[in-house]
Amino acid sequence: MPRALITGITGQDGLYLGELLVGRGYEVFGLVRGQSNPKVATVERLVPGVVLLEGDLTDLPSLIGAVEISQPDEVYNLGAISFVGLSWKQAELTGETTGMGVLRVLEALRIAGGNDLSRVRFYQASSSEMFGKVRETPQRETTPFHPRSPYGVAKTFGHYLTVNYRESYGLFACSGMLFNHESPRRGIEFVTRKISRAVARISLGLQDSVSLGNLESRRDWGFAGDYVDAMWRMLQQDTPDDFVVATGETHSIRELLDVAFARVGIEDWSGYVRSDPRFFRPAEVDVLVGDASKAREVLGWKPRVGFHELVEMMVDADLATEAAAADRH
Ligand code: NAP
Ligand code: F7E
């Protein structure tokens, strides 16, 4: 039975990846931080048989302990402060977790393995936010980086460190440069879920409006369930490499609003959306769109869920959740 260790198992991607790996016959170990983490019950429900280990990306000894206990064949480093907006307010914590956390996981593998890194395969959750103020469109593996937030800078550090451990120690290390991916499990602070939830609540009469920032920015949005499969495929190759994972389509926040409100029968959403300066960013990433040809050719990967289907899936899920919660009260 192959053994996988996932950091960030309580997050959106961790849950989908945990499900996928259990379905493929893995013994799954998940790092969980903090005391009485409220997400433990969800992980145990969705990832049957998972073994949860206490640890934190800011605490090297706990990472060494997690590696020693799990003896992993594959490590997926998904843990991070992942909300770009928060990364300006808590820049140091973001650097420590999203950036230095990568270093600590890599060092934990080296220390716990007695410098033998030949057995383990490592996946780093890199991000399209590294492209930031984009130098070319669409963005691919060779596009230069220009991150626009402390989050993007921290991810760029983690990316280069992953490449460096591959080159320095021969570690089978892959960096997945993933573009935005969403699902009904997305955190409510991200714009897709903020909108799907607000639309559901507005249509049920539970909320009057939603306050947003920049409606003009454009993103390449895919479905998280599709993207975790690309992570796994990277670690099954003969040689480690870095891959862009994206749909190749870009849409604005306005288009997202069009599709989400249309799902509940509202064509003109202008009366429901307010502009709030708190949600504008000090430096914006205006447009992202990825070229995933390499992932398609080498990994045989392609996205299955398109933009409309994704948004509608999220609105439908929030309608069901919000209606059930309203019924209980
Ligand atoms: P997410 O839902 O925000 O999950 C983040 C995970 O990191 C959570 O499990 C969280 O634990 C954990 N974490 C945070 N601080 C930690 C710490 N100090 N020690 C250990 N764990 C910690 O993020 P996601 O959307 O699943 O994304 C997974 C990874 O892919 C992240 O690294 C993200 O930056 C990256 N990424 C995401 C996207 C995307 O569009 N989703 C795109 C590119 C890259 P708690 O539950 O305890 O907070
Ligand atoms: O913002 C704009 C905002 O927070 C998308 C993370 O998973 O993907 C994600 O980062 C866009 C930005 O995601 C609001 O200004 C407008 O232009 O949903 P988001 P993100 O910043 O693209 C990348 C690939 C990651 O790696 C990250 O971990 O939407 N926007 N109004 C808003 N955004 C939010 N959150 N809230 C608003 O009210």
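Leaving aside residues up to four places away in sequence, L21 touches A4, I6, Y26, V28, Y76 and W232, where contact means heavy atoms within 4.5 Å. This is a predicted model, in which local features need pLDDT of at least 70 and side-chain atom pairs count only at pLDDT 80 or more, while totals for chains, interfaces and linings use all residues. Residues are numbered from 1 along each chain as its sequence is written, chains are lettered from A and ligands numbered from 1 in the order in which they are written, and side-chain values use heavy atoms, with hydrogens and water left out.

L21 belongs to the largest nonpolar core, which has 59 residues; L17, L21, Y76, Y123 and L257 touch the most other members. A nonpolar core here is a set of buried Ala, Val, Leu, Ile, Met, Phe, Trp, Tyr and Cys residues joined through side-chain atoms within 4.5 Å. Buried means under 20% relative accessible area, exposed means over 50%, and partly exposed is in between, with a 1.4 Å probe and protein chains only. Why does this core lie between domain 1 and domain 2? It does so because both domain 1 (3-181 + 223-245) and domain 2 (187-219 + 249-289 + 305-328) give residues to it. Another core lies apart from it and has 22 residues, including L53, A66, A108 and L109.

Let us turn to the domains.

Next, a helix. In α9 (residues 253-263), the buried residues are I253, L256, L257, V259, A260 and F261. Helices (H or I, at least four residues) and strands (E, at least two) are DSSP runs, numbered from the N terminus. The partners against which the buried residues of α9 pack are α7 (191-203), β8 (210-212), β12 (251-252), β13 (273-275) and α11 (307-328). After α9 comes G265, with a positive phi near 85°.

On a 1 Å grid over the protein atoms alone, a cavity is a set of points where a 1.4 Å probe fits but cannot get out; a pocket is an open set with protein on both sides within 12 Å along at least five of seven lines, and lining residues have an atom within 4 Å of a point. The largest cavity holds about 40 Å³ of space, a volume being the space filled by probe spheres set on the points, which are joined across faces, edges and corners. Its lining consists of L5, T7, L31, L63, A66, V67, V75 and V105. Helix α3 gives the largest share of that lining, three residues. The second largest pocket has about 170 Å³ of space, and its lining includes V67, L109 and Q71.

Finally, the loops. Q71 lies in the loop between α3 and β4 (74-77); its phi is positive, near 45°, although Q71 is not a glycine. Q71 is partly exposed, at a relative accessible area of 38%. S36, in the loop between β2 (27-32) and α2 (40-46), is another residue other than glycine with a positive phi, about 45°. Is S36 buried or exposed? S36 counts as exposed, at 72% relative accessibility. A cis peptide bond joins T137 and P138, with omega about -5°.

Key:
Domains from an automatic or database assignment.
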